[in-house]
Amino acid sequence: MDKNVLIQYCDMKEEIKDLRRRITETEKQIWKIAEEGTVKDTVSGGMGIQHFVVEGMPVPELSRKRLLLNKRKAMLIEKENELLELTNQVEQYISSIEKSELRTIFRLYYIDGMTWTQVAHRMNAMHPKRKIAYNEKNLQKRNERFFAENE
């Protein structure tokens, strides 16, 4: 297992967020169509002399939106299951790292999705008596060194 699993894990979390956003948008669209109810349109007939009002529910559009919503929900369930498996792999990989400090840094960054600055603040809070404070740059460097040594 290598760094690519960690990157894939972060990417998949973002993909799931995007999918949830799309599901919410589709639900809003369905709600809007159902709330508006019927659609009215005026058409000409009898050689353009007469005008008729046609009224009805946009069933095809509503059906397409509902089908899209169901497909997205099924895809979300599938992606969440994949993410669960990937989470187990990532946690197992991080647990295999010898240094406790690196394990903590990696959990905060890769699993919790914190930025390097947030990780530095958290690590400084965990280790207040440390002589040299953690910062974004030295955490990134440790990350790079780890993967350079283990590839």
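## Leu108

In this predicted model, Leu108 lies in helix 3. Its relative accessible area is 5%, and because the cut-off for buried is under 20%, Leu108 counts as buried.

Leaving aside residues up to four places away in sequence, Leu108 touches Gly113, Met114, Val119, Arg122 and Met123.

## Nonpolar core

The largest nonpolar core has 33 residues, and the members that touch the most others are Ile105, Phe106 and Val119. Two or more residues come from each of helix 1 (3-36), helix 2 (59-95), helix 3 (100-111), helix 4 (116-126) and helix 5 (136-149). Helix 1 gives the largest share of this core, with nine residues.

Which residues does Ile105 touch, not counting those up to four places away in sequence? Its partners are Trp116, Val119, Met123, Tyr134, Leu139 and Arg142. Val119 and Met123 are also among the residues touched by Leu108.

## Largest pocket

The volume of the largest pocket is about 290 Å³. Its lining consists of Ser96, Ile97, Glu98, Lys99, Glu101, Leu102, Arg142, Arg145, Phe146, Glu149 and Asn150. Sorted by class, six of the lining residues are charged, three are nonpolar and two are polar.

Helix 3 and helix 5 each contribute at least two residues to this lining. The largest share, four residues, is from helix 5. Arg142, one of the lining residues, is also a contact of Ile105.

## Overall layout

The protein has five helices and two strands. Read from the N terminus, the order of elements is α-β-β-α-α-α-α.

Of its 151 residues, 28% count as buried. Among contacts with a separation of 6 or more, 56% are between residues 24 or more positions apart. The accessible surface is about 10,800 Å², and carbon and sulfur atoms account for 52% of that area.

Conventions:
Residues are numbered from 1 along each chain as its sequence is written. This is a predicted model: local features need pLDDT of at least 70, side-chain atom pairs count only at pLDDT 80 or more; totals for chains, interfaces and linings use all residues. Side-chain values use heavy atoms; hydrogens and water are left out. A nonpolar core is a set of buried Ala, Val, Leu, Ile, Met, Phe, Trp, Tyr and Cys residues joined through side-chain atoms within 4.5 Å. Buried means under 20% relative accessible area, exposed over 50%, partly exposed in between (1.4 Å probe, protein chains only). Contact means heavy atoms within 4.5 Å. On a 1 Å grid over the protein atoms alone, a cavity is a set of points where a 1.4 Å probe fits but cannot get out, and a pocket is an open set with protein on both sides within 12 Å along at least five of seven lines; lining residues have an atom within 4 Å of a point. Grid points are joined across faces, edges and corners, and a volume is the space filled by probe spheres set on the points. Ala, Val, Leu, Ile, Met, Phe, Trp, Tyr, Cys and Pro count as nonpolar, Asp, Glu, Lys and Arg as charged, and the others, Gly among them, as polar. Accessible areas come from the Shrake-Rupley method with a 1.4 Å probe; for residues, only the protein chains shown count as cover.
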